[in-house]
Amino acid sequence: MTKVIALIAAATSLIANAHAGFRPEAVPGGVAEIHVAPAGSPRPEVRFGGRPVLLQQQRDGWHALVGLSLDTPIGDQTLEVGPEGQARSLSFPVMPKAYPVQKLTIKNPKMVTPDPADVARIDAERKRQLDIRSQFRDVPVPRADLTLPAEGRLSSRFGLRRVFNGEPRAPHTGLDVAVPTGTPIRAPADGVVTLVDDLYFNGKTVFVDHGQGFVTMVCHLSDTTVTPGQPVRRGEVLGQSGMSGRATGPHLHWSVYLNGAAVDPALFITPPPAR
């Protein structure tokens with residue numbers, strides 16, 4: 001009996017810690033957490049925009065963690081719950097959020113307006129990264145919190161509307177950490193390495209798949225120490241920081257993806273970073 005009680009306590013603790021440090025925020029660039037099935041129910045099928053979403057079993061049943069891209073419209077959005085053709089609609093609200101503007105000066109003009117010869121490479125790399133971050137590896141994801149891959153000052157926040165050399169560009173879809181070159185960059189959670197490459201804009205880059213469309217990326221590295229297909233544990237070194245690719249100085253760029261959408265990494269770490 002004592003052993004059974006201990007097992008129940010351990011399971012309860014695991015559920016309680018599954019969200020330690022995770023703060024859902026249903027805004028463009030955020031994460032909506034939605035109760036989709038009661039306790040005791042079998043795991044449901046849940047999709048958003050036709051994509052399967054991450055599901056976690058908690059005390060009161062199944063919860064969906066839904067990534068919302070920065071271009072998600074404000075207002076009611078809809079989940080599909082159940083098998084295709086028999087699904088019910090479950091609506092949830094998305095609230096507005098304003099992101100500031102960041103103006104940067106890039107010394108290499110090719111990193112602002114690439115030469116035509118580089119455009120084909122950039123397009124191919126963009127497609128490969130989209131494919132990697134959109135994969136759905138159907139394994140349990142016991143924790144929604146993440147560990148900051150390197151300790152340092154948070155220098156550029158997610159969602160900044162960026163202007164390079166006076167030219168508007170896509171918003172910042174990651175969280176930058178100011179660290180000197182050679183700082184160890186660690187896996188934010190258990191997972192499998194899915195891409196190690198040297199990309200035009202991102203420089204030396206590592207993607208880690210944490211399961212069910214939960215994917216992270218670290219880039220601008222000076223070196224990488226893992227290979228595709230390699231399992232990694234939370235805290236394991238992926239490489240060292242640097243300023244490869246389009247970077248104004250040494251730092252870590254860290255991105256988090258859910259169901260293919262880039263979402264704010266600050267929502268997954270504890271303690272909440274100061275604004």
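Modeller: What follows goes through ring pairs, strands, a helix and a few loop residues.

Biologist: What kind of model is it, and which atoms do the side-chain values use?
Modeller: This is a predicted model, in which local features need pLDDT of at least 70 and side-chain atom pairs count only at pLDDT 80 or more, while totals for chains, interfaces and linings use all residues. Residues are numbered from 1 along each chain as its sequence is written, and side-chain values use heavy atoms, with hydrogens and water left out.

Biologist: Rings first. How many aromatic pairs are there?
Modeller: Rings of Phe, Tyr and Trp (its six-membered ring) pair if their centres lie within 6.5 Å; planes under 30 degrees apart count as stacked, over 60 as edge-to-face and the rest as tilted. By this rule there are six aromatic pairs. One of them is F207 with Y257, which is stacked, at 6.3 Å centre to centre and 15° between the planes.

Biologist: Where do F207 and Y257 lie in the chain?
Modeller: F207 is in strand 15 (residues 203-209) and Y257 in strand 19 (residues 252-258), 50 residues apart, and the pair links distant parts of the chain. Helices (H or I, at least four residues) and strands (E, at least two) are DSSP runs, numbered from the N terminus.

Biologist: F207, buried or exposed?
Modeller: Buried means under 20% relative accessible area, exposed over 50%, partly exposed in between (1.4 Å probe, protein chains only). F207 counts as buried because its relative accessibility is 0%. Y257 is buried too, at 4%.

Biologist: And F214 with F268, why is that pair tilted?
Modeller: The planes of F214 and F268 are at 35°, so the pair is tilted; the ring centres are 5.5 Å apart. F214 lies in strand 16 (residues 214-224) and F268 in the segment after strand 20 (261-263), so the pair ties together parts 54 residues apart in sequence. Both F214 and F268 are buried. Ring pairs also link F22 with F214 and F268 into a cluster.

Biologist: Which ring does the charged end of R246 sit over?
Modeller: The ring of F201, with the charged end of R246 at 4.4 Å from its centre. The rule asks for NZ of Lys or CZ of Arg within 6 Å of the ring centre and within 35 degrees of the ring normal.

Biologist: How many bridges join strand 6 to strand 7?
Modeller: Seven bridges join strand 6 (residues 75-81) to strand 7 (residues 88-94), and the two run antiparallel. E80 stands opposite S89 in strand 7. The two strands form a hairpin with six residues between them, and G82 in the turn has a positive phi of about 120°.

Biologist: What about strand 2 and strand 6?
Modeller: Strand 2 (residues 46-48) pairs with strand 6 in the antiparallel sense over three bridges. F48 has L79 in strand 6 as its bridge partner.

Biologist: Now helix 2. Which of its residues are buried?
Modeller: D118, I122, E125, Q129 and I132 are buried in helix 2. They cover an arc of only 85° around the axis, so they are on the same side of helix 2; the arc is that of the directions from the helix axis to the C-beta atoms. The face turned away from the buried side carries the exposed residues P116, A120 and K127.

Biologist: Last topic, phi. Where is Q212, and what is its phi?
Modeller: Q212 lies in the loop between strand 15 and strand 16. Its phi is near 55°, a positive value in a residue other than glycine. Q212 is buried, with a relative accessible area of 2%.

Biologist: And N259?
Modeller: Phi of N259 is near 40°, again positive in a residue other than glycine. N259 is in the loop between strand 19 and strand 20, and at 9% relative accessibility N259 counts as buried.

Note on methods:
Pairing = 2+ DSSP bridges.
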